[in-house]
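Please open the structure on your screens, and I will walk you through a few places in it one after another.

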Amino acid sequence: MLEVSGITQVFGGVTALDDVSFAIAKGDITGVIGPNGAGKTTLFNIISGIYRQSAGTVLLEGKDVTGLAPERLARLAMVRTFQNIELFGGMTVLENVMVGMHTNSSSGLLACALKMPWCISEERRIRGGAGKWLEFTGIADLADHTAGSLPFGKGRLLEIARALAVEPRIILMDEPAAGLNSQETLGLAQLIKRIRDLGITVVLVEHDMELVMDICDRIIVLNLGRKLAEGTPREIQESPEVIAAYLGDDE
Amino acid sequence: MLVIVAPPLFKGGYLMNVLVFVGINTMLAIALNLLLGYAGQISLGHAGFFGLGAYLSGILTTTYGLNPWAAMPAAAGVVGCLAGLIGFPILKLKGHYLAMATLGLGIIIYIVFNETVEFTGGPSGLSGIPNLQLAGITFDSDVKNYYLIWGVTLAVMLFSLNLANSRVGRALRAVHDSEVAAQVLGVNSRILKVQIFALSAVISSLAGSLYAHTMTFISPASFGFNFSIELLTMVVIGGLGSVFGSFLGAALLTLLPEFLRGANDYDIIIYGALLVVMVMFMPGGLVRGIPALFRKIAARKGETGHA
């Protein structure tokens, strides 16, 4: 589904990522973990087209998408969420998700302004689709609220609903559990599993080990910009290198 | 909107003339608001596009004898293409830098009006621009112009409202709130910003052409930096991101100097003070501030009623 090879990122004199390679299988939930500063978010920013890497390639469904802009990747059915949720604060919850339908609709500027008949029917379809994703994430009752006024946990769900409206085949989530209480984290785990059940490949960067070990099929561990280990949750938990990286060496 | 049918009540030609300006300024404020209020991109050069529309229309009809109805879309087309071409590099800039670039653009256009004397007549202006004609009616009086201008203004308002509440309008507001999130969802923010910049310039150009054909005389002084700032003030005072707010802002800033005429030399001081007070107490603009004020008054009445 997603294959990255030889990703290297140098910021000034600092090597944030050093020759990172891995492949993510279709339909899996994959967790990317590692101590702070390991390069997880940088990796996400590169895969999602926000940063341009110093070296390395990204293949999406066998297609070379290295260096493509985020809006092109959305059209190739890859979407991401952000660690500090990036909502459209001045718009309603429903409108936020309707923006997610952007790639699944096509009315142009003039057609919209002149309210052509096909725009009206498309608008109805967009509204319906957005409503469906609000139901899916369980925030349909908040549809008319201003997104900026939502509590953080609900904002997180909205960001996920908005990303799903793109109808992605792969979704990258940057620390989806950050800032959530334990109740909300449980709900999130269920939601991520339901997203996987839709046939969407999920990749998440996460610090909440309990969540990662619970829901991930595979885990990739980064440390100091390098890939340290890769495997099933059990393999990772038993890996001496990983334990050393997290708890420190005895030396 | 019934306001539109009422004004023949004031028979005085002068007020009708002022109301024509309210219409033109409303169009311009809406054009700038699409860019500033919806897409979040500033322009300090919109008087330039307004002037280009006026001059292109004026020159095409006087020097080249073109029919005004043909000159207006021709001018709008040229201005739209020009804005598109300039917009591509310029809209990569953000914040203060975009403000500087558009400011420069407005000043360059203003200088061109002054210096290309053989086309524009230079500082002394261009006169003898023909009025518009439609079905045997020549729009040569204030009352006729009033209906012409407000017909077009209402069309521009409707057009902009439709746009604001559509897929494209939502994408614009999304870019305003979080450009990176909009891009991740597949919005091509770069193209969208250029498109809306060009559209904004086209509407401004159209307003400029109408201005030229109703006034029949134009000179560079109407299209300088001061007017760009005045437009910006209308948009902010009226309410960012609101089509109706643009109308309120344009109406207030056009009518206020007329009402303050009685204050003689103090008018500019009162005018300035009013603007400061409004920005301080109605940060959301008139369109949000006035309803809030009414709610406050209603609440207070409720209180005293109970007591």
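Predicted model: local features only at pLDDT ≥ 70, side-chain atom pairs only at ≥ 80, totals over all residues.

How are two packed helices described? They are described by the angle between their axes and the distance between the axes. Here helix 10, which covers residues 225-238 of chain B, and helix 11, which covers residues 243-259 of chain B, pack at an angle of about 125°, and their axes are 7 Å apart. The two helices of chain B, helix 10 and helix 11, are therefore oblique to each other, and their crossing is right-handed.

Now I would like you to look at a second pair in chain B, namely helix 2, residues 46-62, and helix 4, residues 95-115, whose axes come within 8 Å and cross at roughly 30°. Angles under 35 degrees count as roughly parallel, and that makes helix 2 of chain B roughly parallel to helix 4 of chain B. The crossing of helix 2 and helix 4 of chain B is left-handed. On the side of helix 2 of chain B the contact is made by Ala47(B), Gly48(B), Gly51(B), Leu52(B) and Tyr55(B), while helix 4 of chain B brings Leu105(B), Gly106(B), Ile109(B), Tyr110(B) and Phe113(B). By class, the residues of this contact between helix 2 and helix 4 of chain B are seven nonpolar, three polar and no charged.

Before we leave chain B, let us stop at one residue, Gly169(B), which lies in helix 7, residues 167-177 of chain B. Is Gly169(B) buried or exposed? Since 20 or more neighbours is the cut-off for a buried residue, Gly169(B), with 23 C-beta neighbours inside 10 Å, counts as buried. Leaving aside residues up to four places away in sequence, Gly169(B) touches Tyr38(B), Leu163(B) and Ala164(B). Gly169(B) and Tyr38(B) are 131 residues apart in sequence, and yet their C-alpha atoms are 7.4 Å apart in space.

Let us move on to chain A, which is divided into domain 1, made of 1-77 + 168-251, and domain 2, made of 86-167. The C-alpha centres of these two domains of chain A lie 27 Å apart, and 10 residues of domain 1 are in contact with nine residues of domain 2. On the side of domain 1 of chain A that touches domain 2, helix 2 (70-75) and helix 7 (182-197) of chain A each supply at least two residues. That side of domain 1 has seven nonpolar, one polar and two charged residues.

Where in chain A is Glu206(A) found? Glu206(A) is in the loop between strand 8 (201-205) and helix 8 (209-215) of chain A, and with 23 C-beta neighbours inside 10 Å it counts as buried. The residues that Glu206(A) touches, not counting those up to four places away in sequence, include Gly31(A), Ile33(A), Glu175(A) and Leu211(A).

Two further loop residues of chain A deserve a careful look for their backbone angles. Ala77(A), in the loop between helix 2 and strand 6 of chain A, has a positive phi of about 70° although it is not a glycine. Lys115(A), in the loop between helix 4 and helix 5 of chain A, likewise has a positive phi, near 50°, and is a residue other than glycine.

How many residues does each chain bring to the contact? Chain A gives 33 residues and chain B gives 23 residues. Helix 2, strand 6 (78-81), helix 3 (93-100), helix 4 (109-113) and helix 5 (117-137) of chain A each supply at least two residues of the side that touches chain B. That side of chain A divides into 17 nonpolar, eight polar and eight charged residues.

Note on methods
Residues numbered from 1 in each chain as written. Chains lettered and ligands numbered in written order. Axes fitted to C-alpha atoms, helices over the stretch in contact; angles between N-to-C directions. Helix = DSSP H or I, 4+ residues; strand = E, 2+ residues; numbered from the N terminus. Parallel < 35°, antiparallel > 145°, perpendicular 65-115°, else oblique. Left-handed = near helix turned anticlockwise from the far one by under 90°. Domains from an automatic or database assignment. Contact = placed C-beta atoms within 7 Å. Nonpolar A, V, L, I, M, F, W, Y, C, P; charged D, E, K, R; others polar. Buried ≥ 20, exposed ≤ 12 C-beta atoms within 10 Å, placed from the backbone.
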